[in-house]
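Subject: Structure handover

Hello,

Please find below the structure I am handing over to you. My notes on it follow.

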Amino acid sequence: MSKTLFEKIVAREIPAQIVFEDDRVLAFRDINPQAPVHVLLVPKRAVPRIATAQAEDQELLGHLLLQAAAVARQLGLEARGYRLVINNGADGGETVPHLHVHILGGRPMAWPPG
Ligand code: AMP
């Protein structure tokens, strides 16, 4: 199967501004930022989307969320707050079929989302 865009970033085949990496996840700046800070955190093992995640992905998903909070802290977002977003499917706004957590901060977020 062909690699997803984010697998290519993980493999360093496409450049990205990487802000954090460990053995299971990679965080990099979104190319089209929607906030002063907009980082994507992806599992290195490609899970297409949250709707396709399986029981065997449980540990990875927990790690992903804990690292999202750690990356937000590293980026200085903890004091004022931030938003984590996972888009799923067409109506959810998903455009890259490789699970990713958006970490958005640096400005107040509106609710509900548009
Ligand atoms: P989603 O719409 O939730 O699937 O999010 C995909 C995100 O990937 C969008 O916010 C895009 O701006 C971002 N994106 C697309 N291509 C790249 C790239 N080469 N490097 C960094 N972010 C990207």
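By class, how many nonpolar, polar and charged residues does the shell around the ligand have? There are seven nonpolar, six polar and three charged residues in that shell. Here Ala, Val, Leu, Ile, Met, Phe, Trp, Tyr, Cys and Pro count as nonpolar, Asp, Glu, Lys and Arg as charged, and the others, Gly among them, as polar.

Before the rest, a word on the source. This is a predicted model, in which local features need pLDDT of at least 70 and side-chain atom pairs count only at pLDDT 80 or more, while totals for chains, interfaces and linings use all residues. Residues are numbered from 1 along each chain as its sequence is written, and side-chain values use heavy atoms, with hydrogens and water left out.

The ligand

The ligand is surrounded by 16 residues, a residue being near when one of its heavy atoms lies within 4 Å. The closest are D30, N87, G93, T95 and H102.

Some polar contacts can be named (pairs of N or O atoms within 3.5 Å). The side chain of H100 has an N or O atom 2.8 Å from an oxygen atom of the ligand. For V96, a backbone N or O atom lies 3.0 Å from a ligand oxygen atom, and a polar backbone atom of I31 is 3.2 Å from a ligand nitrogen atom. On its own the ligand has 510 Å² of accessible area (Shrake-Rupley method, 1.4 Å probe), and the protein covers 84% of the 510 Å².

The elements giving two or more residues to the shell are α1 (5–10) and β2 (25–29). Helices (H or I, at least four residues) and strands (E, at least two) are DSSP runs, numbered from the N terminus. The largest share of the shell, three residues, comes from α1.

The pockets

The ligand sits in the largest pocket, in the sense that more than half of its atoms lie within 2 Å of the pocket's grid points. A pocket is an open set of points, on a 1 Å grid over the protein atoms alone, where a 1.4 Å probe fits, with protein on both sides within 12 Å along at least five of seven lines; lining residues have an atom within 4 Å of a point.

The largest pocket has a volume of about 800 Å³, a volume being the space filled by probe spheres set on the points. Its lining has 31 residues, with D30, Q34, H38, L40 and H102 nearest the centre. By class, the lining divides into 16 nonpolar, ten polar and five charged residues.

The second largest pocket holds about 160 Å³ of space. Among the residues that line it are G76, R80, Y82 and M109.

Backbone

W111 and P112 are joined by a cis peptide bond, with omega about 0 degrees; P112 is in the segment after β5. R12, a residue other than glycine, has a positive phi near 65 degrees.

Regards

Key
Polar contact = N/O pair within 3.5 Å; in protein donor to acceptor, adjacent residues only side chain to side chain.
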